[in-house]
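Biologist: I want to learn how to read salt bridges. Please take me through them.

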Amino acid sequence: MKIIIGPASKELAEKVAELTNAEKIPVAYKTFPDGEAYVRLESSVQGEHAVIVQTTCAPQDSNLIQLAFLADAARRNGATKVTAVVPYLAYARQDKMFLQGENVSIETVGGMLASAGVNELITVNVHQASALAKFPFSARSLSAIPLLAEYFVSKGMRKAFVLSPDKGALHIAQQAQLVLGGGCGHLEKQRDRYTGKTSQTGKGLDVKGESVIIFDDIISTGGTIVGAAKILRELGAAHVYTACVHPLLIGDAEKRILDAGVEEIVGTDSVPSGASKVSLAPLISKELKALKSG
Ligand code: R5P
C-alpha cells in the first residue's frame, strides 16, 4: 500500500502515511494560466494498492478534479487498486431530488470518480450514509464523533449535555453521548427549500445550568449553530460549545458563532481550518491497516 499525498489534504495525508507505516507518493501539481489543473505522481505505484488522501472542501470542483486526475494517474501508472480517502465528500447534501428538475449531485460525483479509476472510497461522516449505496464501487463512511467527544472528555467535560441541532443529526449526538455519558437531546429544524432559510425550536429541552455541546456533521455558514446557541441561552444553559466533523466555516461563520456566546468551536482536519483541533489520522490509518491485513 502506498499513500498518494493529495494537495488538498497534505498534512493529514502525511500523518496517515506515518501512522499506517506506508510509503508516501508526493504529487507535483499546478494550475495552468487558463485555470486547468495538472497533477503528476512523483514516484512509482506500479503493482501497488494506491490510496489517495484528498479532501473535497472548497474549492470543491478543483479538489474533485485533482482527485479524479490522481486516480487516473494511479491507474495508468500500474496501481492494482485505487482507494480514495475523501475526508469531506463534497456535494453529499444534494443526495436526492428535493425539487423537480434537480440532479442528484452525490451520485454524479460517484459516477465521475468511478470512471476516473477509483475502486473504493472511504469518507468520514458523510451527510447520509445511504447515498453511498448508490456508488458504482464500494464506499463507506467512518465516524469521527467518538474522537470529537474524547476531545471534550480530555478537557474535563465528561457528563456534558449533548445536543443535535435537528432530529436528523440525533444519531451523531447519541454517539457522542456514549463517550461523554451525560444527557442528550435535539432541536427541531425546518428548512425552506426555496430560500434555504431555517428555523429551530427547543420544545421540551431541559438544559438549565448545563454545559451543552452542540454536535453536527457540518458547520457551513454557522446559521444552524447560532440559532441553536440562542435557544440554549434562552433555556438557561450555563456554557455552550460546538463540535462538528467538517468545519467549512464559510465567511465570518466563526465570529458569528463566538459572538452568539459559543465558547469553543471544535472540528476535525477533514477541512483544514482554525477549528481543526482533532485529527482524523488515527481513524483513517486504523481503517487502512485493516485493509492491509485483510
Ligand atoms: C444540515 O442538515 C447539516 O447537518 C448542517 O446542519 C448544515 O449543513 C449546517 O449549515 P449552516 O452552518 O450553514 O447552518
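Modeller: Start with the definition. A salt bridge is a side-chain nitrogen of Lys or Arg within 4 Å of a carboxyl oxygen of Asp or Glu. The general idea: side chains of opposite charge can pair when their charged atoms come close. This is a predicted model, where local features need pLDDT of at least 70, side-chain atom pairs count only at pLDDT 80 or more, and totals for chains, interfaces and linings use all residues. Residues are numbered from 1 along each chain as its sequence is written, and side-chain values use heavy atoms, with hydrogens and water left out.

Biologist: How many salt bridges does the structure hold?

Modeller: There are 13. Take K24 and E18: their side chains meet at 2.9 Å, N to O.

Biologist: Are K24 and E18 buried or exposed?

Modeller: Buried means under 20% relative accessible area, exposed over 50%, partly exposed in between (1.4 Å probe, protein chains only). K24 is partly exposed at 32%. E18 is exposed at 52%.

Biologist: Which parts does the pair of K81 and E120 tie together?

Modeller: The closest N and O atoms of this salt bridge are 3.3 Å apart. K81 lies in strand β6 (residues 81–86) and E120 in strand β7 (residues 120–124), so the pair ties together parts 39 residues apart in sequence. Strands (E, at least two residues) and helices (H or I, at least four) are DSSP runs, numbered from the N terminus. K81 is partly exposed at 28%. E120 is buried at 6%.

Biologist: What about K134 and E107?

Modeller: Their side chains form a salt bridge at 3.6 Å, N to O. K134 sits in the loop between β7 and β8 (138–142), and E107 in helix α3 (residues 105–116), 27 residues apart.
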